[in-house]
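Dear colleague,

Please find the structure below, followed by a summary of what was found in it. I would be grateful if you could read the two side by side.

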Amino acid sequence: MKDKGDGNGNGNGNGNDEIVAPAVSNTGVQGQKPALQVICLGSSGGPCEENVTGFLVRSVARGWERGSVLAVDAGSHLAAIVRILERDFPLVSGGTARTGSDGSVIVNGNGNGNKTAGHATSLSPSPSGDDELVPVPEPTVLESGPFAGLRLPHASARANALHVLRSYISTYLITHPHLDHISGFVVNTAAFHATSKPKTLAALPSAVDAIKQHIFNDVIWPNLTDEDGGVGFVTFQRLKEGGDVMVGEGEGRGYIDVVDGLGVRSFKVSHGNCTKGPPSHRHRGSIAGLQDGHSALNTEQSQPMGRSLSTSQHAQFSAPGTPGGIAPRQSFYSSQPSPHLSATEPSCVVDSTAFFIRDGDTQREVLIFGDVEPDSISLSPRNRTVWQEAARKIVSGVLGGIFIECSYDDSQADAVLFGHLCPRHLIAELQVLAGMVAEAKAARAFERSVRKRKRSAAVANGVESAAKHALAQEGGLSDRKRSRSLAGRSAQWDARQGSVTDQCMPQTASASPATEVSNVVENHGGMSPRSTATTSVTTTTAPTQQYPVHQPARASLVPSGTYSEDLPPLAGIKVIIIHIKDTMKDGPHVSESILADLREHEARLLDQEGQGLGCEFVISQSGESYYF
């Protein structure tokens, strides 16, 4: 479910905006309560710079703890937070300043950090500024909007946005180092100086090195990192592709904590190929067809061991040959060569990342893609590995949402996709996921049926053993009682009673019930039934209690399982469309065409195959939040 402003992340500034309280709903395939909140700061892929890719993610169970918010990409960042708070913050509304009877200026919510109507403050410093104390506003807890429940100490949107940036956002998870994904973060580093500790930039090693070498290099931007003699506002966390097998356990194995309560597993995906091929240039990306840890063009090879921990981690994780003979740590992931790749003409593939973000309290997850191209036309297809992981999580009921780009509508030809998706390719990718989900559900159902059959067989065997044991005990007790009785009367017997003794010895009395139970078990167990003529025995004793025997069900080769076959494979999954490139033309926004194309493809699948994907497509909007 999402919160809405005006749908575009902009208020009208007159204080009359209708604020819709954040609705919390069950959005996962198993209907669990929301565990993760994702706030959209930027939904576009350009060309306008004010609304490019950026998200905030937090664990609902952790509330608004300091340092608990994760930024995923940051093309738009601080400015977008200001816009949201301008719309939702109750102490800011449209109006102008006027002079009060005491000569002070009363501000009616102009968003400049001054008080709202009815509160007096001066717009210019007093000549004797030390004699006047600036009144401290009462903290406000927002009741609506994406930041509902957050305690804000200031009176303006801008001051509170900076407070959110400094106090709550601790880590920036970057999918790839293109400007529309990092520009907000880079510019906002100027505000990091008043924080109590460095902000963390977490990414795969190639992305970290690209940002370090080409952004924080004292040429494009000052070196504000803690490496190579920098200022120290930013520190790096180099992630292991596919997850780190040395951390976590069970389903949480491989997830690396990036903020308190949130863990991440990272998978490389392809974002097109570079315009120049090797060996004409050095590039941070991969060579298609080679495993990612063995790229001959990876610039990390020439980097010396640095002074910081993050540099040594990088040498261990991403360098093809780690200094000192230390082998790289094992990864969950291994890439496969592309069938489109020519062995004689290697191509340099631009790397991006897909992140599984996991809530540590509930184990719920969302999947957020960076820019990505379809496997069908990629020189290094790597989406299938991500879908395999996602399918297992969907069947387990822990993955509720997928954030994935769809930059163009279907009018864009494959030759000019530039490493992006359009509706026809997105549907094809989701069909791959849906097929894997269907297979995983069938396999899961079959395993359950096998386990149930084994349990039933075990119960049947246990009942048979108990019945035989009870009958054996009963027969032995009868024989002992009978022996004592016969011994007591032996002195009174005469010659005529000798034949009666033989008649009164029920030789088959205890054997008959046991034989019948044995026959029942054997017959229900699938063995050949015995002839009733050979097992029917007449007895003078009271009938023995018959023990119920459960007949195990035979497993079907095509099990129906606990999942309804009527439900589409991606039922309950929200697919949030991101990175839409605005055409900047008259008429409807391109997002409307993209959504129409997706729905048309879904309808065609339903018509031709009798079943669609079943997922819900949602066009992301800056200022909205989504709960999973």
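A residue is called buried under 20% relative accessible area, exposed over 50%, and partly exposed in between (1.4 Å probe, protein chains only). This is a predicted model, in which local features need pLDDT of at least 70 and side-chain atom pairs count only at pLDDT 80 or more, while totals for chains, interfaces and linings use all residues. Residues are numbered from 1 along each chain as its sequence is written, and side-chain values use heavy atoms, with hydrogens and water left out.

To begin with the cysteines, Cys48 is partly exposed, at 27% relative accessibility. Cys422, by contrast, is buried at 0%. The closest cysteine sulfur to that of Cys422 belongs to Cys406, and at 6.4 Å it is too far for a bond. A disulfide requires a pair of cysteine sulfur atoms within 2.5 Å; the whole structure contains zero disulfides.

Helices (H or I, at least four residues) and strands (E, at least two) are DSSP runs, numbered from the N terminus. Strand S11 (residues 234–238) is largely enclosed by the rest of the structure, because five of its five residues are buried. Val234, Phe236 and Arg238 lie on one side, and Thr235 and Gln237 on the other. S11 pairs in the parallel sense with strand S10 (residues 199–203) over five bridges, where pairing takes at least two DSSP bridges. Within this pair, Thr200 stands opposite Thr235.

Helix H3 (residues 179–188) is also mostly covered, with seven of its 10 residues buried; among them are Phe185 and Val186.

With kind regards
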